Amino acid sequence: MNPSIKEAIEKCAHQSHVGELTFPEVLERLLGVGVESYLADYRDQSSTYYLSNNEALRISMEMPQVDIAESFNEEGVILAIRGAQSDQLRYLEFLRLTMAAGCMGYMVWIAGRHVSYFGRRGEVHIEHFPPG
């Protein structure tokens with residue numbers, strides 16, 4: 001992987017993790033370096049970024065110390081999403097809330113303009129990007 005692309009992805013991931021970037025800012029930066037999707041895996045405590053040329057970069061990310069609930073509470077996941085969309089909460093709080101709602105990770109499909117949130121038993125909530 002091109003070192004400048006790797007550096008841009010790592011910087012974006014860490015700035016997002018500490019709450020310095022909003023989700024739209026993250027998308028803009030990642031799209032700008034050729035990322036077409038990424039997977040946030042709460043159990044593995046990592047995010048993996050996939051480029052359109054099939055290269056991938058896995059970054060370890062410390063997750064909040066919250067037990068992931070056994071059952072998937074789609075309403076709880078949606079409330080966390082709405083909080084992030086309205087900039088009422090940033091990434092670490094978003095993680096805490098979605099983990100408590102039984103989400104074990106999500107896949108952002110930048111090119112497809114949606115996010116798939118996953119529960120332990122294969123439940124999925126699909127959130128389409130707002131227009132614009």
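Where is serine 71 found? Serine 71 sits in the loop between strand 3 (56-60) and helix 3, where helices (H or I, at least four residues) and strands (E, at least two) are DSSP runs, numbered from the N terminus. The model is predicted, so local features need pLDDT of at least 70 and side-chain atom pairs count only at pLDDT 80 or more, while totals for chains, interfaces and linings use all residues. Residues are numbered from 1 along each chain as its sequence is written, and side-chain values use heavy atoms, with hydrogens and water left out.

- Leaving aside neighbours within four places in sequence, serine 71 is in contact with Ala101, Gly102 and Arg121; contact means heavy atoms within 4.5 Å.
- Serine 71 and aspartate 44 are 27 residues apart along the chain, and their C-alpha atoms are separated by 19 Å.
- Serine 47 belongs to strand 2.
- With a relative accessible area of 5%, serine 47 is buried (buried means under 20% relative accessible area, exposed over 50%, partly exposed in between, with a 1.4 Å probe and protein chains only).
- The contacts of serine 47, leaving aside neighbours within four places in sequence, are Leu39, Ala40, Leu57, Arg58, Ile59 and Met61.

**Nonpolar core**

- The largest nonpolar core has 36 residues; such a core is a set of buried Ala, Val, Leu, Ile, Met, Phe, Trp, Tyr and Cys residues joined through side-chain atoms within 4.5 Å.
- Leu30, Tyr42, Phe94 and Tyr106 are the residues with the most contacts inside this core.
- Tyrosine 106 is buried, at 4% relative accessibility.
- Apart from neighbours within four places in sequence, tyrosine 106 is in contact with Tyr38, Leu39, Ala40, Tyr42, Tyr91, Phe94, Val115, Ser116, Tyr117 and Phe118.
- Tyrosine 42 is also buried, its relative accessible area being 2%.

**Aromatic pairs**

- A pair of aromatic rings is described by the distance of the centres and the angle of the planes.
- The structure holds 8 aromatic pairs; rings of Phe, Tyr and Trp (its six-membered ring) pair if their centres lie within 6.5 Å, and planes under 30 degrees apart count as stacked, over 60 as edge-to-face and the rest as tilted.
- Tyrosine 42 and tyrosine 106 form an edge-to-face pair, because their ring centres are 6.1 Å apart and their planes are at 80°.
- This pair links distant parts of the chain, 64 residues apart: tyrosine 42 is in the loop between strand 1 (35-41) and strand 2 (46-51), and tyrosine 106 is in strand 4 (residues 103-109).
- The pair of tyrosine 106 and tyrosine 117 is tilted, at 5.5 Å centre to centre and 40° between the planes.
- Here too the pair links distant parts of the chain, tyrosine 106 in strand 4 and tyrosine 117 in strand 5 (residues 114-119), 11 residues apart.
- Tyrosine 117 counts as buried at 6% relative accessibility.
- Ring pairs join Tyr38, Tyr42, Tyr49, Tyr91, Phe94, Tyr106 and Tyr117 into a cluster.

**Helix packing**

- Two packed helices are described by the angle between their axes and the distance between the axes.
- The axes of helix 3 (residues 74-85) and helix 4 (residues 91-100) come within 8 Å and cross at roughly 170°; axes are lines fitted to C-alpha atoms, for helices over the stretch in contact, and angles run from 0 to 180 degrees between N-to-C directions.
- Helix 3 is therefore roughly antiparallel to helix 4 (angles under 35 degrees count as roughly parallel, over 145 as roughly antiparallel, 65 to 115 as roughly perpendicular and the rest as oblique).
- Val77, Ala80, Ile81 and Ala84 of helix 3 meet Phe94, Leu97 and Thr98 of helix 4.
- The contact of helix 3 with helix 4 has 6 nonpolar, 1 polar and no charged residues; Ala, Val, Leu, Ile, Met, Phe, Trp, Tyr, Cys and Pro count as nonpolar, Asp, Glu, Lys and Arg as charged, and the others, Gly among them, as polar.
- Helix 1 (residues 3-17) and helix 2 (residues 23-32) have axes that come within 10 Å and cross at roughly 175°, which means that helix 1 is roughly antiparallel to helix 2.
- Ile9, Cys12, Gln15 and Ser16 of helix 1 make this contact with Val26, Arg29 and Leu30 of helix 2.
- By class, the contact of helix 1 with helix 2 has 4 nonpolar, 2 polar and 1 charged residues.

**Phenylalanine 23 and tyrosine 91**

- Phenylalanine 23, in helix 2, is partly exposed at 34% relative accessibility.
- Tyrosine 91, in helix 4, is buried with a relative accessible area of 15%.
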